[in-house]
Amino acid sequence: MFVKPVQSPLRNPPHTHTHTHCQLGSRLNIESTIKTMALCLGQVFSKDKTFRPRKRFEPGTQRFELYKKAQASLKSGLDLRKVVQLPEGENINDWIAVHVVDFFNRINLIYGTVSEFCTERTCPIMSGGLRYEYRWQDGDDYKKPTKLPALKYMNLLMDWIETNINNEDIFPTRVGVPFPKNFQQVCKKILSRLFRVFVHVYIHHFDSICSMGAEAHINTCYKHYYYFISEFSLIEHSELEPLRAMTEKICN
């Protein structure tokens with residue numbers, strides 16, 4: 001199956017236990033929110049489909065205990081604009097890293113649900129309607145921008161993101177290991193390419209999403225994503241143009 005969830009790269013901060021609970025509570029709270037939303041997506045999309053389970057925090061660890069407390073404190077109707085704001089005292093790179101991984105997991109799940117309808121015949125190029133076309137370039141196998149079927153493009157994209165997320169030199173998880181100087185630039189590129197998944201799904205496969213009864217879940221995921229990238233200016237405004245009208249409608 002297409003979906004390939006990845007463990008969020010939360011790092012154990014060098015604080016006392018009391019301070020750590022205060023610092024990370026909000027981060028794990030948003031992680032819990034995201035996981036709950038992903039569970040809703042899984043329930044909606046699970047008809048005749050099988051998804052790989054998400055990785056969990058190891059029982060017995062401090063993170064697991066914090067995760068359970070955050071789960072217990074979850075409430076409905078959270079204001080996503082406030083949820084994405086950097087908590088006081090939180091490291092911005094840790095905050096971005098957590099969100100990049102979670103957005104990857106959820107957007108990967110969203111595309112995985114419509115991938116059976118996204119074939120070389122139905123989607124011979126990776127596009128967003130007639131005005132926007134995306135070509136793949138990774139500097140390795142595809143040194144120049146290359147026109148590809150959407151499904152091929154998506155598979156290459158998800159593999160590329162997963163490789164970056166699992167790279168300790170880019171997304172360090174060990175205590176005391178700093179993020180690289182280009183960390184935010186890499187995240188901007190990841191988030192920019194994930195936006196293209198939204199573009200393709202909304203423009204070419206939204207009927208399938210609606211037939212599954214998942215429109216509200218997709219819209220919530222998109223709104224969360226949009227508020228986050230806007231809060232930290234992680235994508236050039238011009239790149240958001242393909243979904244501008246929809247964004248103005250659901251994100252105001």
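Analyst: Asparagine 93 counts as buried because its relative accessibility is 17%, where buried means under 20% relative accessible area, exposed over 50%, and partly exposed in between, with a 1.4 Å probe and protein chains only. This residue is placed in helix 4, and helices here are DSSP runs of H or I with at least four residues, while strands are runs of E with at least two, numbered from the N terminus. The model is a predicted one, in which local features need pLDDT of at least 70 and side-chain atom pairs count only at pLDDT 80 or more, whereas totals for chains, interfaces and linings use all residues. Residues are numbered from 1 along each chain as its sequence is written, and side-chain values use heavy atoms, with hydrogens and water left out.

User: Which residues does asparagine 93 touch, not counting residues up to four places away in sequence?

Analyst: A contact means heavy atoms within 4.5 Å. By that rule, and leaving out residues up to four places away in sequence, asparagine 93 touches Phe179, Phe183 and Gln184. A polar contact is a pair of N or O atoms within 3.5 Å; within protein, one must be able to donate a hydrogen and the other to accept it, and residues adjacent in sequence count only if both atoms are side-chain atoms. The side chains of asparagine 93 and glutamine 184 are joined by such a contact, of 3.1 Å.

User: How should I read the pLDDT values, and which element of the chain has the lowest mean?

Analyst: pLDDT is the predictor's confidence in each residue, on a scale from 0 to 100. The average for the chain is 76, and 69% of the residues score at least 70. Among the elements of the chain, the lowest mean pLDDT, 34, belongs to helix 2 (residues 62-72), and the highest, 97, to helix 6.

User: What is a nonpolar core, and which residues touch the most other members of the largest one?

Analyst: In soluble globular proteins, nonpolar side chains tend to be buried together. A nonpolar core is a set of buried Ala, Val, Leu, Ile, Met, Phe, Trp, Tyr and Cys residues joined through side-chain atoms within 4.5 Å. The largest one here has 64 residues, of which Phe171, Phe198, Tyr222 and Tyr225 touch the most other members. Several helices each supply at least two residues of this core, among them helix 4 (92-114) and helix 8 (215-231), and helix 6 gives the most, with 12 residues.

User: How many aromatic pairs does the structure hold, and how is one classified?

Analyst: Rings of Phe, Tyr and Trp (its six-membered ring) pair if their centres lie within 6.5 Å; planes under 30 degrees apart count as stacked, over 60 as edge-to-face and the rest as tilted. The structure holds 17 aromatic pairs. In one of them, phenylalanine 171 and phenylalanine 183 have ring centres 5.1 Å apart and planes at 75 degrees, so this pair is edge-to-face. Phenylalanine 171 lies in the loop between helix 5 and helix 6, and phenylalanine 183, 12 residues apart from it, lies in helix 6. Phenylalanine 171 is buried at 1% relative accessibility, and phenylalanine 183 is buried with a relative accessible area of 1%. Tyrosine 202 and tyrosine 222 also form an edge-to-face pair, at 5.8 Å centre to centre and 80 degrees between the planes. Tyrosine 202 lies in helix 6 and tyrosine 222 in helix 8, so their pair ties together parts that are 20 residues apart in sequence.
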